[in-house]
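Hi,

Here is the model I promised to pass on. Have a look at it first, then read my notes below.

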Amino acid sequence: MPLLEVDGLEVQFFTPRGVVKAVDGVSFKLEKGQTLGIVGETGSGKSVTAFSILRLVSNPGRITGGSIRFEGQDLLTMRDRDVRRIRGREISMVFQEVMTSLNPSYTVGEQMREVLRVHLGQSGQQARKSALDLLTRVRVPGPETILDRYPHQLSGGMRQRVMIGIAIACQPKLLIADEPTTALDTTIQAQILDLLEDMRQQLGMAMIFISHDLGVVARVSERIAVMYAGRIVEMGDKYEVFDSSLHPYTIGLMDAIPRPGSRHKPLQPIRGAIPNLLHLPSGCPFHTRCPRAEARCAVETPELLQWKTAHWAACHFAGDLRSVVAPLADPVT
Ligand SMILES: Nc1ncnc2c1ncn2[C@@H]1O[C@H](COP(=O)(O)OP(=O)(O)OP(=O)(O)O)[C@@H](O)[C@H]1O
Ligand SMILES: [Mg+2]
């Protein structure tokens with residue numbers, strides 16, 4: 001049984017201007033200990049997908065379809081009480097906006113002890129010792145001093161370490177990291193990515209790692225899902241997706257990242273604007289920006305099909321590069 005199985009997930013926002021299909025039929029599987037990277041431009045539905053897994057989509061948003069099974073149990077039909085027990089203990093999350101997830105009015109120690117109290121029933125000396133252990137584990141220098149600091153007294157990188165410490169406090173089976181390094185400068189970003197990877201290996205956690213930066217996603221993920229306008233347009237083993245991309249959008253994303261040795265080559269941003277989810281183009285949602293688009297792309301929406309053992313793509317012309325092995329019966333091996 002996979003650790004996590006997302007099947008046909010649909011999330012819509014009912015706004016005064018109309019219905020926004022933020023997530024439109026997303027399916028994937030994650031085995032125990034595996035890492036899936038989700039990449040895509042702003043507004044493609046990455047965070048909404050992540051929040052759905054924790055059942056944290058709030059008004060005017062609603063999960064309108066699909067299922068999310070965690071160790072076989074559907075999180076979407078589970079009682080609130082049971083979801084709260086899973087959240088934080090079995091599945092935890094690290095965000096970009098650390099300042100909004102750490103409470104500015106409480107010290108680091110107070111917040112860590114609260115998590116340890118709620119989820120593990122620890123208090124007093126025991127909680128303090130656990131908090132120190134966690135800070136040491138996430139390589140915070142001088143953990144005793146840090147316990148008495150308020151979040152704003154720490155650097156961005158240090159706050160993110162504290163968040164990771166809190167996230168792993170209960171040794172979750174799944175860690176969802178949503179743009180955890182985006183606000184940090186490059187050196188600190190690399191340290192945090194290394195830390196996440198070390199923690200993942202030590203605790204045997206599975207991880208969903210979200211970023212708009214393909215380079216960052218590639219660094220930590222074994223598999224990659226590329227999202228566009230609420231859908232997965234390409235998914236597969238990292239090397240497959242990188243070395244033999246099947247979707248023009250993925251190829252466009254790769255042309256838009258800086259690479260060593262190509263410093264003087266101008267980066268090619270993907271032409272055209274990110275689509276308005278209130279008025280999605282007909283057919284393939286990417287066709288208005290796609291260099292390969294033909295007439296049928298404006299009419300027929302391509303399905304996510306499996307083209308190789310570990311490689312799926314939703315493009316009418318993916319077959320020009322690979323021959324199809326089977327329609328998508330089973331989202332991910
Ligand atoms: N509270 C909301 N009200 C209305 N629409 C929303 C709301 N939250 C999200 N959306 C819609 O859902 C879409 C997907 O949002 P999401 O936050 O998942 O994007 P993302 O891929 O995480 O982007 P980013 O890279 O900027 O974080 C957005 O384009 C937006 O239209
Ligand atoms: Mg986001």
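A word on naming: helices (H or I, at least four residues) and strands (E, at least two) are DSSP runs, numbered from the N terminus. With that, Glu71 sits in the loop between strand 4 and strand 5. This is a predicted model, in which local features need pLDDT of at least 70 and side-chain atom pairs count only at pLDDT 80 or more, while totals for chains, interfaces and linings use all residues. Residues are numbered from 1 along each chain as its sequence is written, chains are lettered from A and ligands numbered from 1 in the order in which they are written, and side-chain values use heavy atoms, with hydrogens and water left out.

Glu71 has a positive phi of about 50° without being a glycine.

Now the ligand. 14 residues surround ligand 1 (a residue is near if one of its heavy atoms lies within 4 Å), and the closest are Thr42, Gly43, Lys46, Ser47 and Val48. By type, the shell divides into five nonpolar residues (Ala, Val, Leu, Ile, Met, Phe, Trp, Tyr, Cys and Pro), three charged (Asp, Glu, Lys and Arg) and six polar (the others, Gly among them). Strand 1 (4-15), strand 2 (18-30) and helix 1 (46-53) each supply at least two residues, and helix 1 gives the most, with three. Backbone N or O atoms make polar contacts (pairs of N or O atoms within 3.5 Å) with ligand oxygens: Gly43 at 2.8 Å, Ser44 at 3.1 Å and Val48 at 2.8 Å. Taken alone, ligand 1 exposes 630 Å², and the protein buries 66% of that (Shrake-Rupley, 1.4 Å probe).

Four strands form an open, antiparallel sheet in the order 2-1-4-5 (two strands pair if DSSP finds at least two bridges between them). Strand 2 and strand 5 (73-74) are at the edges with a single partner strand each, so one side of each has no neighbour in the sheet. Elsewhere, strand 6 and strand 7 pair in the parallel sense over four bridges, and Val94 stands opposite Ala177 in strand 7. From strand 6 (residues 91-94), Ile91 and Met93 point one way and Ser92 and Val94 the other, all of them buried.

Last, Pro172. You'll find it in the loop between helix 7 (156-167) and strand 7 (174-178). Pro172 is buried, with a relative accessible area of 1%. Not counting residues up to four places away in sequence, Pro172 touches Arg89, Glu90, Ile91, Ser92, Ala167 and Met205 (contact means heavy atoms within 4.5 Å).

Cheers

Definitions and conventions
Polar contact = N/O pair within 3.5 Å; in protein donor to acceptor, adjacent residues only side chain to side chain. Buried < 20%, exposed > 50% of the residue type's maximum accessible area, 1.4 Å probe, protein only.
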